[in-house]
Amino acid sequence: MSRLHLPRGYEEPDPNETAREMYATYGAAVYFASCLEYGLINVLAAAEVLKAKKAGKTIADDPWNRRIQDKKLTLGVLITQVKNGGHLSVAPGLQKELYDALEGRNNLAHHFWRERSDDAISVKGQQVLIAELEGHRKMFDAANKRVEAEVAEPMLVQLGITPDQQSQMYNQMLRKAKEKYN
């Protein structure tokens with residue numbers, strides 16, 4: 001398109017900047033899908049600790065770390081385990097939201113670039129993909145926030161970990177990360 005036909009003050013987007021934004025938005029969407037996985041791990045680990053506590057038993061290892069290390073615990077497996085454990089009964093509609101997130105995550109991981117490669121080569125197509133990817137990111141974030149608020153946090157409170165203590169633990173993790181890289 002010739003610059004003579006562009007509206008006054010209009011600048012075409014830098015195609016390299018748009019491509020960087022597209023790939024960054026893809027990375028953010030996949031990251032938020034991973035956060036959802038960790039949210040489900042929190043539910044399963046907290047449930048295991050609650051069950052042991054009620055039975056007066058001690059768990060020999062760290063149930064969080066065990067699940068994080070288990071490479072077979074994909075998002076689909078985690079959703080199934082949380083569902084089969086009865087943990088979604090407290091959150092109406094969350095099961096569908098989680099399965100929608102699973103479908104979206106699987107699409108991003110296995111099909112997205114192959115199916116959308118034509119869109120990725122033009123600035124306008126990249127802008128469309130950025131919007132779509134941002135929708136995925138928001139979907140994963142919303143599902144994770146529901147898991148956290150409606151399922152995980154009440155379990156942690158039953159374990160004696162108050163929201164204030166959770167916030168303090170999170171802030172401690174942030175401080176450690178900042179110290180590590182500053």
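**Salt bridges up close**

A: Start with a network: salt bridges link Glu-48, Asp-61, Arg-66 and Arg-67. Keep in mind that this is a predicted model.

The side chains of Arg-66 and Glu-48 meet in a salt bridge, at 2.7 Å from N to O. This pair links distant parts of the chain: Arg-66 sits in helix H2 (residues 63-69), Glu-48 in helix H1, and they are 18 residues apart. Arg-66 is partly exposed, with a relative accessible area of 34%.

Next, look at a pair inside helix H1. Arg-20 and Glu-17 form a salt bridge, 3.0 Å from N to O. These two residues are three apart in helix H1, so about one helical turn separates them. Arg-20 is partly exposed, at 46% relative accessible area. Glu-17 also counts as partly exposed, at 41%.

Then turn to Glu-97 and Arg-146. Their salt bridge has its closest N and O atoms 2.9 Å apart. Glu-97 lies in helix H4 (residues 94-110) and Arg-146 in helix H6 (residues 123-158), so the pair ties together parts that are 49 residues apart in sequence. Glu-97 and Arg-146 are both buried. Buried here means under 20% relative accessible area.

Finally, the total. The count comes to 11 salt bridges. Among them are the Arg-20 to Glu-17 contact, the Arg-66 to Glu-48 contact and the Glu-97 to Arg-146 contact.

Notes
Residues are numbered from 1 along each chain as its sequence is written. This is a predicted model: local features need pLDDT of at least 70, side-chain atom pairs count only at pLDDT 80 or more; totals for chains, interfaces and linings use all residues. Side-chain values use heavy atoms; hydrogens and water are left out. A salt bridge is a side-chain nitrogen of Lys or Arg within 4 Å of a carboxyl oxygen of Asp or Glu. Helices (H or I, at least four residues) and strands (E, at least two) are DSSP runs, numbered from the N terminus. Buried means under 20% relative accessible area, exposed over 50%, partly exposed in between (1.4 Å probe, protein chains only).
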